[in-house]
Amino acid sequence: MRLPAELLDAIQRETDKVDRRKLVQATTQLAEYYKAADFSTPAIATEAQRAAYLAVRLPATFGAARRVFSEIRSRAPHADVGSLLDLGAGPGTALFAAVEEFQTLQQATLLEADAQWLTLGKRWAAQIQLPIAQEAQWLQQDLRSGLTCKAHDLVVISYALGELPQAAAEAVLRKAWSCASKFLVLIEPGTRRGFAAVNAARSALIANAAMIVAPCPHQSACPMAAAGDWCHFSQRLERTSQHRQLKGGELGYEDEKFSYLIAAKAGVLQGDVLPSQPRIVRHPGKHSGHVQFSLCTPQGGIVSRTVTRSSKAAYKAARKAEWGDTWPDSTMA
Ligand SMILES: C[S@@+](CC[C@H](N)C(=O)[O-])C[C@H]1O[C@@H](n2cnc3c(N)ncnc32)[C@H](O)[C@@H]1O
């Protein structure tokens, strides 16, 4: 996956404003901040840190958001998404990803505590000439001090829920769910901590009559959590030369690990969501003559399956299947 050219240009313009040495330093600080996962103070306090986020984190969070939104389209192909509410929006990453996936999107509201992000997001919207982002409501709001929101088809909390204290996160989740007329999407880093936040939210949402659309093909307790494991996925992104210079390494891509959840309002969307299929929850083992899958099943368990060359059509499909894809039930007999 590649960031749209106009976003890459916008990032470059912002990072060009910052002294190179300060940008490198801020990139290191940001990596240390997220590694320590102590969110009692904001990650971004300076222009250099903001530029570092744009250069090294935004492409990854954009990639994860776009991948998750594409999952809504494939699991609920007939459900229109006309409005988006983004909580902890940063510079509008999820909105920029959503416009790539949902042709039907007409209105957006973005809530963010940091006024500088809102200013930047609005400036980008004008530069990129993206009407929906120009007409969007960009609102400064601290999610810890109570959330007021109107109903939107899709509510997104991307890489923000885990930065809130637990009681605030629970309150925001309840409110976000009440404002989601069709879907609620949560995205967190693909770490044990990120997954724990997603899994706790999943339990709370199921208790509130949510239908889990993805990644889980069932509503039972998470079998990976029960096994002391954590459910996460990976999105490959092209790296720019600036990204390589700032983060080091020679590879032309990076793999962003993320955990996510798509919950739907069951009463509204029952007929629009396709029946659940097993999901590939690890990198498939692609060997000569056979492919091995670890699958989370609609029955609520994790099973291993091997597809051999002798099953011609299934083997061809298995060679193409990736971590995070669904895998047809018909091969599960
Ligand atoms: C890791 S960034 C994610 C930004 C964006 N959602 C993305 O995916 O790129 C976390 C964002 O949450 C915002 N945030 C953190 N705590 C917040 C709070 N209490 N109220 C509102 N926004 C908050 C931060 O300012 C930051 O923009």
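In the hairpin of strands S10 and S11, two turn positions separate the strands by 2 residues, and Gly-289 has a positive phi near 90 degrees. Helices (H or I, at least four residues) and strands (E, at least two) are DSSP runs, numbered from the N terminus. The model is predicted: local features need pLDDT of at least 70, side-chain atom pairs count only at pLDDT 80 or more, and totals for chains, interfaces and linings use all residues. Residues are numbered from 1 along each chain as its sequence is written.S10 (residues 285-287) pairs with S11 (residues 290-296) in the antiparallel sense over 3 bridges, where two strands pair if DSSP finds at least two bridges between them. Within this pairing, Lys-286 has Val-291 of S11 as its bridge partner. S11 also pairs with strand S9 (residues 279-280), again in the antiparallel sense, over 2 bridges. There the bridge partner of Ile-280 is Leu-295 in S11. A further antiparallel pairing joins S11 to strand S12 (residues 302-308) over 7 bridges. Gln-292 stands opposite Thr-306 of S12. The hairpin of S11 and S12 has 5 residues between the strands, and Gly-300 in its turn has a positive phi of about 90 degrees.

How is the protein chain divided into domains? Domain 1 covers 5-270 and domain 2 covers 279-332, with bounds that come from an automatic or database domain assignment. The centres of the two domains, taken over C-alpha atoms, are separated by 29 Å. Their contact takes 10 residues from domain 1 and 11 residues from domain 2; two residues are in contact if their C-beta atoms, placed from the backbone, lie within 7 Å. On the side of domain 1 that touches domain 2, helix H9 (223-226) and strand S7 (233-238) are the elements that give two or more residues. The residues of that side divide into 7 nonpolar, 3 polar and no charged. In this classification Ala, Val, Leu, Ile, Met, Phe, Trp, Tyr, Cys and Pro count as nonpolar, Asp, Glu, Lys and Arg as charged, and the others, Gly among them, as polar.

The helix packing comes next. Two packed helices are described by the angle between their axes and the distance between the axes. Here axes are lines fitted to C-alpha atoms, for helices over the stretch in contact, and angles run from 0 to 180 degrees between N-to-C directions. Helix H2 (residues 20-36) and helix H3 (residues 47-75) have axes that come within 8 Å and cross at roughly 70 degrees. H2 and H3 are therefore roughly perpendicular to each other; angles under 35 degrees count as roughly parallel, over 145 as roughly antiparallel, 65 to 115 as roughly perpendicular and the rest as oblique. The residues of H2 in this contact include Leu-23, Ala-26 and Leu-30, and those of H3 include Ala-52, Tyr-53 and Val-56. By class, the contact of H2 with H3 has 8 nonpolar, 4 polar and 2 charged residues.

H3 also packs against helix H4 (residues 93-101), at an angle of about 40 degrees and with the axes 8 Å apart. H3 and H4 are therefore oblique to each other. Their crossing is right-handed: a crossing is left-handed if the near helix is turned anticlockwise from the far one by less than a right angle, and right-handed if clockwise. Among the residues in contact are Phe-62, Arg-66 and Phe-69 of H3, and Phe-96, Glu-100 and Glu-101 of H4. The residues of the contact of H3 with H4 divide into 8 nonpolar, 3 polar and 4 charged.

At what angle do the axes of helix H7 and helix H8 cross? The axes of H7 (residues 166-179) and H8 (residues 192-207) cross at roughly 50 degrees and come within 11 Å. H7 and H8 are therefore oblique to each other, and H7 passes H8 in a right-handed crossing. From H7, Ala-169, Glu-170, Leu-173 and Trp-177 meet Ala-197, Ala-201, Ala-204 and Leu-205 of H8. This contact has 7 nonpolar residues, no polar and 1 charged.

Two backbone details remain. Most residues other than glycine have a negative phi, and most peptide bonds are trans. The peptide bond from Ala-214 to Pro-215 is cis, with omega near 0 degrees. Pro-215 lies in the loop between strand S6 (210-214) and H9. Gln-129, although not a glycine, has a positive phi of about 55 degrees. Gln-129 is placed in the loop between helix H5 (115-128) and helix H6 (131-135).
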